[in-house]
Amino acid sequence: MGNCFGCSKNTNIRLKLPAVCLIWEIAMIILFGFFIRYNNEADPHWNMHKKTKNISSDIENDFYFRYPSFQDVHVMIFVGFGFLMTFLKRYSFGAVGFNFLIAAFGIQWALLMQGWFSFFDATDWKIKIGVENLINADFCVAGCLIAYGAVLGKVSPVQLLVMTLFGVTLYAVEEFIILHVLHAKDAGGSMVIHTFGAYYGLSISWVLYRPELYQSKRLQGSVYHSDVFAMIGTLFLWMFWPSFNSAISYHGDGQHRAAINTYLSLAATVLTTVAISSLTKEKGKLDMVHIQNSTLAGGVAVGTAAEFMLMPYGSLIVGFLCGIISTLGYVYISPFLESKLKIQDTCGIHNLHAMPGLIGGIVGAVTAACATEGVYGEEGLMLVFESPGRPLNMTPSLQGSHQAAGLCVALIFGIGGGIIVGLILKLPIWGDPTDDNCFDDEVYWEIPEEDDNHPSVLEFSSHMRNNHQGVLSMNRCETSFTVTPRSCS
């Protein structure tokens, strides 16, 4: 097989994308045909099920409770995550297009993997799916999309599919352990989704470290319009995050409380992000990188405790702290990770998902350990922490320790799994881009011809490090010269 333009030339073997996609989809058709069936609420026997369970109306079908949240989560996966990663000036097709590919690929495998672990009916060897399974599959894919952010622009689409295949598998196992073995609660996925996904991606990026990546430095920045497109992703994620954190909570006060807690935490994060972003610049200007990313950190951190009695002021505190920590992470920690630990984190997922995910796990453990009947009521306490197979004598303090153990499991699977998968992706057979062609859509996409008379645009710094020079780019970066400092810091 021949080499593609800009692909690594250290091998003559190429795994072609069409073959991988077609073989995978045929495998999915076979597996779905054997294992996947509709659950009682999506099956034509719903009317008989209603009579058996004394359900009075079709409106009590779970579809009508869950589908609005599913719509919001689905938009976050395909629009929010996709557009958030369009900040690179020459990698918008890859950001949105490969996000689309990963998500469509991953949700099918997630329905099977999560089904085998959590929804398998041993009586007929089938997996029964409904709308809640679709939400959980989207959650699973979210972890892989978070990981994608760490390697954005540096891997081939085939590598992304392999990364997603293993990512979904690891996710299904760690989710089963955390939720069904340890009986930890994690409604918004601070541990199961964000902590796992972030450290999975960071570990892969560490293994795939490129010492010569400076050869693509010209393409690591953003331009004015690419940052605006990325902000579209931010706004979609920010608006729908209350649905994300409350989508699979139990009906009633828990789901209601999860939406309120997330709403307040996100609002507080915006204010502190703006404040810290301005304070880190000598003349008080704002950095669009911080506004696009750190403003979402509160939604990540409140996820585990979203349905707990965190209290409105507690949600504001979580958002307040995350805005500070995430923004300072972009200013100080991201450069440290790259220069000292050799982790090239394209999107800064360590600041948006990893640190807030850890905070969320800790907040969840502390909040669970402090739960009392006086606050929740006897029945409320049982409902909030209830899960199938959970020991009846589990005290709040024991629940808190299980929450902490769940956070450790997410870290172990994320870091350990990421290192193993990174070693697999390092094999010279995947057609990854060369060091001087990273962050460039032209390697894998047909690019429309540009008008030679298009106006010059101002380029901005990368999300990976602070670059204090603006550059005026003419004719697709073929000619550039310094015109003005990007920031005054």
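Predicted model: local features only at pLDDT ≥ 70, side-chain atom pairs only at ≥ 80, totals over all residues.
Phe35 is buried, with a relative accessible area of 14%, where buried means under 20% relative accessible area, exposed over 50% and partly exposed in between, computed with a 1.4 Å probe on protein chains only. Residues are numbered from 1 along each chain as its sequence is written, and side-chain values use heavy atoms, with hydrogens and water left out.

The structure holds 22 aromatic pairs, a pair being rings of Phe, Tyr and Trp (its six-membered ring) whose centres lie within 6.5 Å, with planes under 30 degrees apart counted as stacked, over 60 as edge-to-face and the rest as tilted. Two of these pairs are set out below.

| Pair | Arrangement | Centre to centre | Between the planes |
|---|---|---|---|
| Phe34 and Phe35 | edge-to-face | 4.8 Å | 80° |
| Phe196 and Tyr200 | stacked | 5.5 Å | 15° |

Phe196 and Tyr200 are both buried, and because they are 4 residues apart in helix H7, they are separated by about one helical turn. Phe34 and Phe35 also belong to one aromatic cluster together with Trp24, Phe105, Trp109 and Trp116.

The secondary structure of the chain comes to 16 helices and 7 strands, taken as DSSP runs numbered from the N terminus, with helices (H or I) of at least four residues and strands (E) of at least two. Of the 489 residues of the chain, 54% count as buried. Among contacts (heavy atoms within 4.5 Å) between residues at least 6 apart in sequence, 79% join residues at least 24 apart.

In soluble globular proteins, nonpolar side chains tend to be buried together. Here the largest nonpolar core has 90 residues, of which Tyr148 and Leu152 touch the most other members; such a core is a set of buried Ala, Val, Leu, Ile, Met, Phe, Trp, Tyr and Cys residues joined through side-chain atoms within 4.5 Å. Helix H5 gives the most to this core, with 14 residues. Apart from this core lies another, of 16 residues, among them Ala297, Phe308, Val318 and Phe385. Leaving aside residues up to four places away in sequence, Tyr148 touches Met85, Tyr91, Gly94, Ala95, Phe98, Asn99, Ile102, Leu160 and Met163.

The largest pocket has a volume of about 1200 Å³, which is the space filled by probe spheres set on grid points joined across faces, edges and corners. On a 1 Å grid over the protein atoms alone, a pocket is an open set of points with protein on both sides within 12 Å along at least five of seven lines, and its lining residues have an atom within 4 Å of a point. The lining consists of 47 residues, of which Arg66, Phe119, Glu132, Asn136 and Ile248 lie nearest the centre of the pocket. Helix H5 supplies the largest share of this lining, 6 residues.

Two residues other than glycine have a positive phi. Met311, with phi near 75°, sits in the loop between helix H11 (297–301) and helix H12 (312–339) and is partly exposed, at a relative accessible area of 33%. Phe439, with phi of about 65°, lies in the loop between helix H16 (396–425) and strand S5 (457–460), and is buried, at a relative accessible area of 0%.

Methods:
1 Å grid on protein atoms, 1.4 Å probe; cavity = no way out; pocket = protein on both sides within 12 Å on 5 of 7 lines; lining within 4 Å.
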